[in-house]
Amino acid sequence: MRYETDKPAVLTLTAGPVNAYDAVLRALSRPVQYDYDPAFQLAYARTADKAREAMRTERVPVIMHGEPVLGLEAAAASLITADDTVLNLASGVYGKGFGYWAARHTANILEIEVPYNESIPVEAVEAMLNQHPEISVVSVCHHDTPSGTINPIEEIGNVVSVHGALLIVDAVSSFGGMDTNPESCQAAVYVTGPNKCLGAPPGLTLLGVSERAWEKMRANPAAPRASFMSILDWEHAAEPDKDFPFTPSVAEMNGLDRALELYLSEGPERVWERHALTAAACRAGVQALGLELWAADETIASPTTTAVRTPDGIDESQMRACARERYGVVFSAGRGETLGKLTRIGHMGPTAHPVHALSAIVALGGALRQLGSDVKAGDGVDAALAVIEQSAA
Ligand SMILES: *Cc1c(COP(=O)(O)O)cnc(C)c1O
């Protein structure tokens, strides 16, 4: 069943981009300032400092002016040279995809790939590093969103650091929704953005860059310079007396600033708690409906996205179409390898609230019933409520 509708969605419970917070939308509509106006330069510096506080780093993060794929490609292009041996860790579509970017810059690529419902075992990384002392860069995706699974990046960061290699982390869909930051995983380059758990639109990248990574990029003659993909060009952009290499995304910066303010004023720990609770309620509800989680083990299921295995005999796209048409609820499909095999309920930023877990269970259960399945929608709701009630007790 295809659906063509111009009716707006009632609830967008996707794994990103997500509906932005209302306050962020209002900030986007502020007058567009001239980028060389000292007031804008000062505002830019302040926003970058809020990002530093949110990312719990010493060093001011780099803001790049395109959605996080820009930062990921830029990290590969800036950090990886033909002399490097890269160990790419692939537990899903994004992790796998980073290996292709890495391969543009060096012929020496090693990979650990696990089934896309599992996570990377740290022992395998350690063994590979011992076997290949020449590994100089390791790349990993923290939350591989099309699988809704989490990799143990802090443990991976430890073994990579002991080995002396540089770690590139894609934390786009985990940062802001759980306890993660560039320093806790000892990342050389940590890539994230506002369009997932910070509840702002897609359009910017936030990069945590370590001192060693800066040194390596500066010494790399092939690292992009005078380019949209350059990290080096933006090194000093947050210093109010320095010029921007080109015009920053002024409106997006206003949105990011507000999103960071919301995050910091609510308190990161409380924000993570509401993501974790919403996810726990979703997982309980999904299982009580009689469905299976995609993650091989519940302990690796993401607190920011719940991926549900498509039940036998159900056409996944039809199921999402029913949820969209009858209930106005938009879920995410899988991507690449996971397309058709699972449905993703996002709980990121504004949708990381337990009431949305209930809406998700109702829309999912209702859509499956519409397709002739005998799921117990009421059991799903009861199980989700029980998780919410327990956390309030
Ligand atoms: C969303 C996301 C990105 C950004 O990429 P898009 O595919 O353009 O949305 C990168 N990495 C991960 C893990 C993401 O979830």
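Buried residues account for 58% of the 393 residues in this chain. Keep in mind that you're looking at a predicted model.

**Overall shape and fold**

- A compact globule of 393 residues would have a radius of gyration near 21 Å, and the chain agrees with that because its own value is 21 Å.
- If you follow the C-alpha trace along its principal axes, you get spans of about 60 × 55 × 45 Å.
- Take the contacts between residues at least 6 apart in sequence: 72% of them join residues at least 24 apart.

**The cavities**

- How do you find empty space in a model like this? Rolling a probe the size of a water molecule over the atoms shows where empty space is left.
- Searching the whole structure this way turns up four cavities of 30 Å³ or more.
- The largest cavity holds about 60 Å³ of space.
- Its lining is made of L72, N88, L89, Y94, G95, F98, S139, V140, C141, I168, V169 and D170.
- Which elements give two or more residues to that lining? They are β3 (85-90), α4 (93-102), β5 (135-141) and β8 (166-170).
- Sorted by class, the lining of the largest cavity has eight nonpolar, three polar and one charged residues.

**The largest pocket**

- About 270 Å³ of space sits in the largest pocket.
- There are 20 residues in the pocket lining, and G16, E67, Y94, K196 and R335 are the ones nearest its centre.
- At least two lining residues of the largest pocket come from α3 (69-79), and at least two from β13 (332-333).
- By class, this pocket lining has eight nonpolar, seven polar and five charged residues.

**The cysteines**

- How many disulfides are there? The count comes to zero.
- To count as a disulfide, two cysteine sulfur atoms have to be within 2.5 Å of each other.
- For C197, the closest cysteine sulfur is in C141, and at 12 Å it's too far for a bond.
- Is C197 buried or exposed? It counts as buried, because its relative accessibility is 2%.
- C322 is buried too, with a relative accessible area of 2%.

Methods
Residues numbered from 1 in each chain as written. Predicted model: local features only at pLDDT ≥ 70, side-chain atom pairs only at ≥ 80, totals over all residues. Heavy atoms only, no water. 1 Å grid on protein atoms, 1.4 Å probe; cavity = no way out; pocket = protein on both sides within 12 Å on 5 of 7 lines; lining within 4 Å. Points joined across faces, edges and corners; volume = space filled by probe spheres on them. Helix = DSSP H or I, 4+ residues; strand = E, 2+ residues; numbered from the N terminus. Nonpolar A, V, L, I, M, F, W, Y, C, P; charged D, E, K, R; others polar. Buried < 20%, exposed > 50% of the residue type's maximum accessible area, 1.4 Å probe, protein only. Rg over C-alpha atoms; globule rule 2.2 N^0.38 Å. Contact = heavy atoms within 4.5 Å.
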